[in-house]
Amino acid sequence: MVDNTLKFLPTIDIHTHFPLSPVTFFISDAKNLPPFDKYLAALNTAHVTDAVILCGPKKGAMRQENELLASRIKPMQGRFIPVAWLNPKYDSPDDFQALIEENNFRGLKLHPVFNGYKLTDLIVKPFIEKAIEYKLPIMIHSGWGPEGSVKDIGSLAEAYLDGTFVCLHMKEEYGLNDRFSHIEMAAHNTNVFLECSYIPHPRRLAEAVDVMGVEKILFGSDYPWGARDIAWEKTKVTYAPISYTDKKRILADNAKELFNL
Ligand SMILES: [Zn+2]
């Protein structure tokens, strides 16, 4: 029997986007994005108290897109944790530093698949070092292409033991990331957290808790992508065969510690 009161558990969504420039690629459905009031309504319906907010996808340099986002959320800073999505091929570590110093960005996001590079490329290095210098988490997209290999995230985490990494998505893909890739990689690397959007089933979450412990598992929706419904994504945590305390940790407590909330 599922306890419906669980849907009211205060939640921190560590992976949402709000694109301010038009998104002209992806499948047509993904281009029709909700306006800001709908975005806020989605957070409220899912009882999301705080959300990591990222800009939308952009080809080429991305600094400006992050700055637009910062000015959009300025009156609501308390609720949002802005994380800078940058493209190491076009942006510089100085761009990242400016976003931290001038706009209070509190993490780095890398998307090697969309932006077209490998995590092992030398251009990535100074961004990781900058995040470590400021003690900020480094969120990395996984899946949807060879550059999204979970193994590469593991190698990067091993090379930078001072860094704190978050592997985004727990999507299983034939020939790329299988059922246990994410869990085993995070169990092996103490400095890697897992964000669980696209996890196929609540039971998989229980397996993750069994193998790696609950402390490094974080709730994220990838809204307005993913299931395009944060409350629905949250049911994968509330329906999982794990303890109430573990659900609370995944939905909020772990993220509070990671982002010093
Ligand atoms: Zn994302």
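Colleague: What should I keep in mind about numbering and confidence?
Modeller: Residues are numbered from 1 along each chain as its sequence is written. The model is predicted, so local features need pLDDT of at least 70 and side-chain atom pairs count only at pLDDT 80 or more, while totals for chains, interfaces and linings use all residues.

Colleague: Why is H3 called roughly parallel to H4?
Modeller: Helix H3 (residues 63–73) and helix H4 (residues 93–103) pack at about 10 degrees, with their axes 10 Å apart. Angles under 35 degrees count as roughly parallel, over 145 as roughly antiparallel, 65 to 115 as roughly perpendicular and the rest as oblique, so H3 is roughly parallel to H4. Axes here are lines fitted to C-alpha atoms, for helices over the stretch in contact, and angles run from 0 to 180 degrees between N-to-C directions. Helices (H or I, at least four residues) and strands (E, at least two) are DSSP runs, numbered from the N terminus.

Colleague: Which residues meet between H3 and H4?
Modeller: From H3 come Arg63, Asn66, Glu67 and Ala70, and from H4 come Asp95, Leu99 and Asn103. A contact means C-beta atoms, placed from the backbone, within 7 Å. By type there are two nonpolar, two polar and three charged residues. Ala, Val, Leu, Ile, Met, Phe, Trp, Tyr, Cys and Pro count as nonpolar, Asp, Glu, Lys and Arg as charged, and the others, Gly among them, as polar.

Colleague: What makes Leu9 partly exposed?
Modeller: A residue is buried if 20 or more other C-beta atoms lie within 10 Å of its own, exposed if 12 or fewer, and partly exposed in between. Leu9 has 19 C-beta neighbours inside 10 Å, so Leu9 counts as partly exposed. Leu9 lies in the segment before strand E1 (11–17), and touches His47, Lys247, Lys248 and Leu251, not counting residues up to four places away in sequence.

Colleague: Why are E1 and E3 said to stand at the edges?
Modeller: The open sheet has three strands in the order E1-E2-E3, with parallel pairing. E1 and strand E3 (80–82) each have a single partner strand, so one side of each is left without a neighbour in the sheet. The twist averages 20 degrees from one strand to the next.

Colleague: How do you know that E2 and E3 pair?
Modeller: Pairing takes at least two bridges found by DSSP between the strands. E2 and E3 have three, in the parallel sense, so the pair qualifies. In one of these, Ala51 has Phe80 in E3 as its bridge partner. H3 packs on this sheet, touching E2 and E3, and its direction makes about 160 degrees with that of E3.

Colleague: What pairs with E7?
Modeller: Four bridges join strand E6 (residues 138–141) to E7, running parallel, and E7 (residues 165–168) pairs with E8 in the parallel sense over three bridges. Ile140 has Cys167 in E7 as its bridge partner, while Val166 stands opposite Phe193 in E8.

Colleague: Which way do the E7 residues point?
Modeller: Phe165 and Cys167 point one way and Val166 and Leu168 the other, and all are buried. In a regular strand the side chains alternate between the two faces of the sheet.

Colleague: Which residues have the most contacts inside the largest nonpolar core?
Modeller: Leu108, Ile153, Phe165, Cys167, Leu194 and Leu218, in a core of 70 residues. Such a core is a set of buried Ala, Val, Leu, Ile, Met, Phe, Trp, Tyr and Cys residues joined through C-beta atoms within 7 Å.

Note on methods:
Contact = placed C-beta atoms within 7 Å.
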